[in-house]
Amino acid sequence: MPPSQPKLFARNVAAVRRFADPSNLLSITAGNPVSTRLESGIGNCFPGLECDLRNLERRFFPFLEMDPIDNFIFLASVDTDGVAHAEAAGDLSQADASVYAGLADDLKAGRSVLVSRIAGTFGVLGPLSLNLGLPALGQAPAIDGDLTIPSTGPGRKPPDAWTAIRLLNEGTDVTLVFVNDDGSKTSTLTAKRARYLDDNGALSAAFLPGELSQSLCSPWTHDFRDCGCFYWASNHPDIAQPLLSPGTPAGQPWNAPVPWERRDRTVRATPPAKATEAPSEPIELRHYEINNRWQELHFVVGGREITAPFSPTAVQGAPFRDLTELLANLNYAAGVELAVAQEYLAAAFSLKPDSDPSLQANPDLPGDVKAARAELMRIAIGEMRHTRVVNDVIRGLSDAGKFEPALRVASQVPHQNPGPFRPVMARAATRQAIDDFIQIEAQSTGVDGLYNNILATLQFPPADVKNRVTDEWIQAIRSVIAEGEDHFETFLNIQEWLSSHSESDYLRALAPPRPPAGNPGDATLQAAYASVLNNLYTGYKKGRFLGADEINAARASMLGSDGVVAKAEAVARQNFLVTFTTPADPRFTPIDPPGVLVA
Amino acid sequence: MLAVSVVPGSPQAPNYRRFRSGAGEHLLVVPHTRIFDLSHALAASLDVDVQAADRFAAALGETSELEADLAAVVTPAPQSLSLNVSSSCNLSCGYCYADRGAFGGAQAATMQTVVAEQAVERLLAVADPARPITIGFLGGEPLRNRDLVHAIVHFAGGRAQQQKLDVRFSITTNGTLIADSDIKLFRDHRFAVTISIDGDAVAHDAQRPLRNGSGSFARLAKRAAPLLADPGRAQVAARMTVRCDRFDLEPRLNAIWSLGFPEAGVAPLRVAADGSELRDDAWPIYRDALIAVASRELERAMRGLPIRLTNFAVALRQIHAGASSPYPCGAGGGYFSVAADGDWYACHRAIGDKRYRLGSSAALDESGRRSFLEARHVHAKADCRICWARYLCAGGCHQETGARSVASCNFIRDWLDFCLASYCELSSTRPDHFAHRLKPKA
């Protein structure tokens with residue numbers, strides 16, 4: 001989306017020609033790229049890659065530069081010109097000006113000056129008056145001060161001097177008590193906590209060029225070894241799927257992440273040892289070693305190390321013939337979303353609960369099961385969101401007043417081998433089930449193949465679709481496809497997490513039976529499900545905004561102690577499979593794949 | 001084109017002109033006439049620090065690969081020629097620069113067809129065949145040598161067909177001698193017909209009398225009417241000369257438009273044989289009158305109607321395209337004017353002036369051309385080289401250099417300020433006004 005208020009807009013042909021294609025007269029001339037802005041920098045306090053934000057706090061008090069170290073604050077310099085200017089302008093009292101002058105004199109004479117006490121409003125901690133640490137001064141012993149680690153519980157104090165300053169609210173009064181290094185003189189100043197940015201969001205003129213970057217990591221290759229991926233977020237994974245041995249297809253056991261900075265760079269017929277939480281020595285390159293061998297680190301694309309040039313493969317769908325065929329496929333797509341959501345939920349609830357003591361048999365098992373369940377639930381929710389998106393698109397393409405919500409669960413879902421469809425099968429999260437889920441979400445073959453055809457139809461619309469397509473529908477389908485790719489990769493991860501355990505280790509039962517007719521727990525689940533469908537139908541039918549009440553009600557009914565999720569869990573606790581029975585209602589009659597005769 | 005030398009610009013030359021319009025805050029980047037809209041914040045910051053603003057504008061004004069270096073002196077192939085075909089006129093306008101075609105005796109004889117043919121042959125031989133070629137007829141009153149005009153049109157038309165050239169014609173006439181055969185000629189060929197008419201009958205007759213002292217308006221109106229009613233392939237426009245004694249532009253232009261002229265341009269006298277040129281105190285009056293008429297045309301354009309004031313229409317078109325040149329006209333570059341004796345001059349107003357004589361149909365004086373162009377490059381003009389309007393005005397007509405004054409230059413700058421703001425407003429409200437004028441570069 002173009003910025004609504006461009007700073008510079010090329011108006012005439014000559015101006016446009018300077019920057020762009022002259023035929024594109026009304027294009028917006030962008031300013032500096034967003035990556036050049038301070039807020040886009042990889043800046044943090046540890047000490048930062050492009051800037052070290054701790055340097056901001058060195059100027060928290062007007063006209064002073066400070067050095068916060070642990071629980072001490074040393075005075076580094078006094079801006080005497082600034083003081084003189086402010087005094088002349090009447091912005092600073094003569095008394096304060098003489099305090100500043102005294103501090104400057106101390107520094108000039110080679111005496112250290114420290115802050116012994118700081119009072120002000122410390123953000124969430126509120127107004128405080130804090131004694132800071134002091135070394136032994138003259139006859140007085142060293143003082144620890146009020147700053148404490150850990151900083152927890154009621155009456156907590158900031159853990160260190162920098163954090164204390166960081167917490168100070170901009171524009172509130174701060175009072176500092178200074179003491180010089182022989183303890184012979186104290187002085188006090190009160191001023192507003194300085195602003196770090198000006199009205200335009202640019203760095204305050206108080207900072208000198210280079211000041212924010214004066215304490216950066218160096219040398220970077222050395223730090224590359226020392227700091228983890230939480231730090232080098234964009235270009236340094238701790239772990240990655242290993243480079244494939246020549247001729248080896250991706251798949252187990254090559255999907256398990258290995259240490260990216262491993263010392264042994266040999267590519268063998270078997271993958272390198274999986275990453276563990278064990279100490280990185282001697283598995284990884286040593287600190288100084290990496291200064292010489294960083295070129296051997298592999299590029300990582302899509303989570304996998306590669307050495308050959310990366311060539312992306314674009315999947316291109318084939319447009320449908322006309323509006324009727326497009327709508328039929330959209331209705332089916334909505335049904336597939338509902339069907340797979342139900343399969344994923346059945347799988348999620350088939351996993352042992354976290355409280356199951358048998359999970360403790362293997363130290364990795366509780367985490368792997370918990371992650372698999374969480375991701376299955378996340379993906380199931382994603383499919384429900386897709387159902388909504390598809391309904392919005394169908395509404396947009398339908399004649400006014402003719403829209404019928406697509407809430408018919410698919411009878412069959414796309415499948416590759418054997419293909420092109422398989423019946424919907426609620427079942428436990430067995431290895432076979434996860435394999436099938438991977439096929440469902442696989443790009444170009446599974447449900448994404450269907451969406452790629454839908455997208456192609458919107459992009460290259462047949463005559464009766466042309467006037468109905470909007471960019472919004474195209475973007476909506478694009479986002480469904482993009483999320484499908486995420487689902488695909490997540491299922492690969494789930495496969496990987498569960499692969500080192502046997503099915504019976506993590507499943508409540510390998511083939512749990514459906515609840516028997518009349519099971520009270522299941523009956524309440526099915527009633528809640530029917531209510532969700534009804535609410536969705538009414539909400540979709542009313543359309544955006546008007547239907548919000550029903551859609552919110554459907555969403556709310558999923559959650560809480562009386563929600564669908566809790567009811568499903570109750571069924572699973574009885575070791576039954578969690579399934580959803582389609583109500584006998586023509587609005588929800590299962591839908592077959594378009595153009596396919598179903599026996 | 002061959003770059004032969006460079007006239008460096010002044011380091012003191014401003015790189016920008018800040019202006020605002022009803023559409024907001026703007027920046028004219030002087031080199032290459034680039035116009036940018038500014039956010040209010042950026043405009044305010046540029047106004048505070050003029051040196052920073054100038055550096056900013058210099059960066060925006062860097063010459064791109066598609067543009068010519070503004071400091072270069074180039075001698076392009078001659079592309080248009082005017083033939084001074086008549087040394088006499090049936091009118092006796094007091095302000096005439098040409099002494100009714102006699103140029104103070106420098107052009108006593110009437111041009112012979114063979115002279116004109118030689119000139120045309122030469123032009124067709126040296127012009128860039130991929131671009132349009134224009135042959136113009138001037139005088140005196142060119143239609144007093146009607147046979148030559150017709151002969152040359154047919155001669156050049158035939159050559160154009162043979163050589164697959166795009167040859168067009170132009171004529172500047174007082175309109176009183178237009179015959180039916182002339183109208184047919186204009187209609188059948190791509191003629192730009194400029195008729196000199198100074199307003200309604202009263203103004204016109206006062207300024208443009210026949211030799212016997214009586215008015216010429218009625219005759220002009222009668223002769224021009226059939227052409228205006230059906231111009232065929234011709235483009236007909238009026239040219240109105242403004243003397244120092246009357247600035248009632250609007251009623252005079254209305255009178256011209258009411259005759260059916262789709263466009264009329266105005267030209268104030270800077271140098272006049274009878275002393276009727278505008279003096280310093282007249283320029284603000286003229287400016288106000290011109291801007292008043294143009295404002296009315298701008299309102300029309302905002303409603304989707306065409307602009308009928310040629311000066312304004314051309315200015316907007318050129319600002320849109322970013323017209324930017326170190327020369328005010330093509331004199332000695334792409335344009336030459338041929339005297340009755342066959343000599344080639346840089347300009348039709350300088351017939352007989354040795355300083356402007358740059359060769360003949362036999363050969364062009366290339367080194368003379370170069371020195372002529374070097375001396376007249378806007379960077380070589382002490383007062384012009386540090387003016388923000390230098391690539392839009394370029395110092396004005398070479399013949400009128402001596403008449404340049406602060407007041408007359410202020411008129412140019414004020415007029416350009418008005419046109420710049422008008423351009424921004426019109427292109428904001430009606431971008432379609434300019435859409436069809438965007439033609440791909442050859």
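The sulfur of B:Cys419 lies 11 Å from the closest cysteine sulfur, that of B:Cys424, which is too far for a bond. Seen from B:Cys424, the closest cysteine sulfur is likewise that of B:Cys419, at 11 Å and too far for a bond. Over all chains the structure holds zero disulfides, a disulfide being a pair of cysteine sulfur atoms within 2.5 Å. B:Cys419 counts as buried because its relative accessibility is 0%, and B:Cys424 counts as buried at 0% as well. Buried denotes under 20% relative accessible area, exposed over 50%, and partly exposed the range in between, with a 1.4 Å probe and protein chains only.

The model is a predicted one, in which local features need pLDDT of at least 70 and side-chain atom pairs count only at pLDDT 80 or more, while totals for chains, interfaces and linings use all residues. Residues are numbered from 1 along each chain as its sequence is written, chains are lettered from A and ligands numbered from 1 in the order in which they are written, and side-chain values use heavy atoms, with hydrogens and water left out.

Chain A comprises 17 helices and 15 strands, taken as DSSP runs numbered from the N terminus (helices H or I, at least four residues; strands E, at least two). Of its 599 residues, 43% count as buried. The accessible surface of chain A is about 30,200 Å², 56% of which belongs to carbon and sulfur atoms; such areas come from the Shrake-Rupley method with a 1.4 Å probe, and for residues only the protein chains shown count as cover.

In helix H3 (residues 80–88) of chain A, the buried residues are A:Gly82, A:Val83 and A:Ala86. These cover an arc of only 100° around the axis, which puts them on the same side of H3(A); the arc is that of the directions from the helix axis to the C-beta atoms. The face turned away from this buried side carries the exposed residues A:Asp81, A:His85 and A:Ala88. Helix H4 (94–108) of chain A is included in what covers the buried residues of H3(A), contact meaning heavy atoms within 4.5 Å. Just after H3(A), A:Gly90 adopts a positive phi of about 80°.

An open sheet of four strands is arranged in the order S1(A)-S4(B)-S3(B)-S2(B), with antiparallel pairing; two strands pair if DSSP finds at least two bridges between them. Its edge strands, each pairing on one side only, are S1 (8–10) of chain A and S2 (16–21) of chain B. Within chain B, five bridges join the antiparallel strands S3 (residues 24–29) and S4 (residues 34–38). B:His26 has B:Asp37 in S4(B) as its bridge partner.
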